[in-house]
Amino acid sequence: MDDIGKPLLGNQNGGQKNQAFWATDSVDEENILDMDVSDLLQHPESVITIIEKYGVLKLGQFEIEDSIAIRAFRGRSLLTLGAADAREIDWNAMWFSELDQYRPKGRLIEAGWAESVVVEAHVLSIRHAAGPPGEGLLQPILLRYQKQACPLSVFGLPAVQAVLNYKWEAWAARMLKIEFIMYLSWLLSFTIFVIIFQDEKLEGRTTFLPIWRNGMDKAGIIDKAKVILNFTSVLFMLPFVMIEINTIIDYGWQWLQYWNLLDVATYTIQILTCYIYVTGWNIRADWFSILLAMQCVFLFAKVQYFSRVFASAKSSLVDTLKVVISDVKWFLMFILLTLVSFALAFYILFRQEEKVEFNRVWHSIVSMFSFMLGGFDFHVFFESRHAVAAVCFFVLYEFIMAIMLLNLLIAIMTDSYSKVMENEHLWNLCSKAQIIDELETTLPKWLVRRWNPSYVHILKISPRRQVDMGSLHDRLDITEGRLASTSKEMAVKMSDLERKVMKRLDFLSKELELLAEHQAKSASEGPSRRKSK
């Protein structure tokens, strides 16, 4: 939360110094706490700089037990609370009251040892920064990011992180779980319909009314279930359509992105398949099967939308694809042109032969794609009229495509994936911001305003006494594992030592027995010798 010396977007002039209360030489705590989002947006060219330099104010610091810090932070970098005021509130008492629920109870207090951790209390200085769209700070930053007017690192600013953390912990995570349950219900309804629809023929079907009058035998129940599943699929889809419509209204042309277009295609296919099946609209069964197949792919692919913000997901497929496609799109175009050129070459080369792999242009393109992935048959070339030319073209194609271009593509994609992993935390924050904004544009403003206070208070571990809460449990587990490993190693060594000692004792026992026998034999031979003398 400490001030960062260099502004994220450089030194920008946000207005006249004698007029703007946020000018560098006139800023004080009172003026900062009076700053509203509407005041901030009057100078859009300086928004990021102001947020970075003056977005968060330090109120003070205090000490808490490390056991409380571990339970409270749970691997998170900060805690947030909402408040109606930033000046009059007793922030010390507020945080002690909040942290009291994480205090160990009963005998746990007396067990072991305790150490103090220094924590710092901050406040988000921008009033109504956590407000709904049109009043808060989140949507303007998203719009600026989508216009590529600011980098991804803007979501890592302390003030932006505080807004996201508060909204996510206060209500957005719960709402996303409800949304995910509704989506799973939609997915389950459609999946069951596809499974039981498999053996049905569309020819000769009418509307669902005759089906509904069927009896309650097995076939009648299945027919009724298909109609109900179609309606429930559309019913569970409606909230997502509402979210999409509100997003279009708020974002306008900036909404036009390929992921959003895929969502619209999913909604359209769902409505279309339901209408066709329920009304008995005359359509070829092949086309209807294609629509159902496309919907299966789109619905299961959209599950990745929710995985973007799961803490257990190391990297999101959605974010990874965004970066990878952006980096390799022109290289993919070059690969496609190379594939088409060789497809046309083989199409011309085999034009007088009845080879199903090359008797159509699109057959030739599919064959080239299969060859690129290693699926080919040498007999196709050896049995050709132009065997030498066909083999030469094939070897050249495999060298260019399979050996050179595909390996270069893998190298580029690996580099792109490394970029995503380097900024994994920022991508996660950006995804949370997008989901929160979509929910806020759909939910009633009075409800969102009720959830979002005027000010957001922040608590974080002091950097002078930083404790890595995220890895503390891991280190304890590692220590426990090392102790267990050491114990096993000691047990093995003790067993080996015991075996060696027992072996030595057996050897000594045998030596003693031999010595005793020798002594007994010597003792018996002594009198006999004396008698013989």
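Guide: A residue is called buried under 20% relative accessible area, exposed over 50%, and partly exposed in between, using a 1.4 Å probe and protein chains only. By this rule Phe 393 is partly exposed, because its relative accessible area is 34%. The model is predicted: local features need pLDDT of at least 70, side-chain atom pairs count only at pLDDT 80 or more, and totals for chains, interfaces and linings use all residues. Residues are numbered from 1 along each chain as its sequence is written, and side-chain values use heavy atoms, with hydrogens and water left out.

Visitor: Is Phe 346 buried or exposed?

Guide: Phe 346 counts as buried, because its relative accessibility is 0%.

Visitor: What kind of aromatic pair do Phe 346 and Phe 393 form?

Guide: Rings of Phe, Tyr and Trp (its six-membered ring) pair if their centres lie within 6.5 Å; planes under 30 degrees apart count as stacked, over 60 as edge-to-face and the rest as tilted. The whole structure holds 22 aromatic pairs. Phe 346 and Phe 393 are edge-to-face, with 6.3 Å centre to centre and 65° between the planes. Phe 346 lies in helix H13 (residues 317-349) and Phe 393 in helix H16 (residues 387-422), so the pair ties together parts 47 residues apart in sequence. Helices (H or I, at least four residues) and strands (E, at least two) are DSSP runs, numbered from the N terminus.

Visitor: Which helices hold Phe 371 and Phe 394?

Guide: Phe 371 is in helix H14 (residues 361-372) and Phe 394 in helix H16, 23 residues apart. Both residues are buried. Their rings form an edge-to-face pair at 5.8 Å centre to centre, with 90° between the planes. One aromatic cluster includes Phe 346, Phe 371, Phe 393 and Phe 394.

Visitor: What is the order of the strands in the open sheet?

Guide: Strands of a sheet pair through backbone hydrogen bonds, either parallel or antiparallel. Two strands count as paired if DSSP finds at least two bridges between them. Here four strands have the order E1-E3-E4-E2, with antiparallel pairing. Strand E1 (56-65) and strand E2 (78-83) are the edge strands, each pairing on one side only. Six bridges join E2 to strand E4 (residues 455-461); Leu 78 has Lys 460 in E4 as its bridge partner.

Visitor: Which strands does helix H5 touch?

Guide: Contact means heavy atoms within 4.5 Å. Helix H5 (residues 91-99) packs on the sheet, touching E1, E2, strand E3 (116-124) and E4. Axes are lines fitted to C-alpha atoms, for helices over the stretch in contact, and angles run from 0 to 180 degrees between N-to-C directions. The direction of H5 makes about 45° with that of E1.
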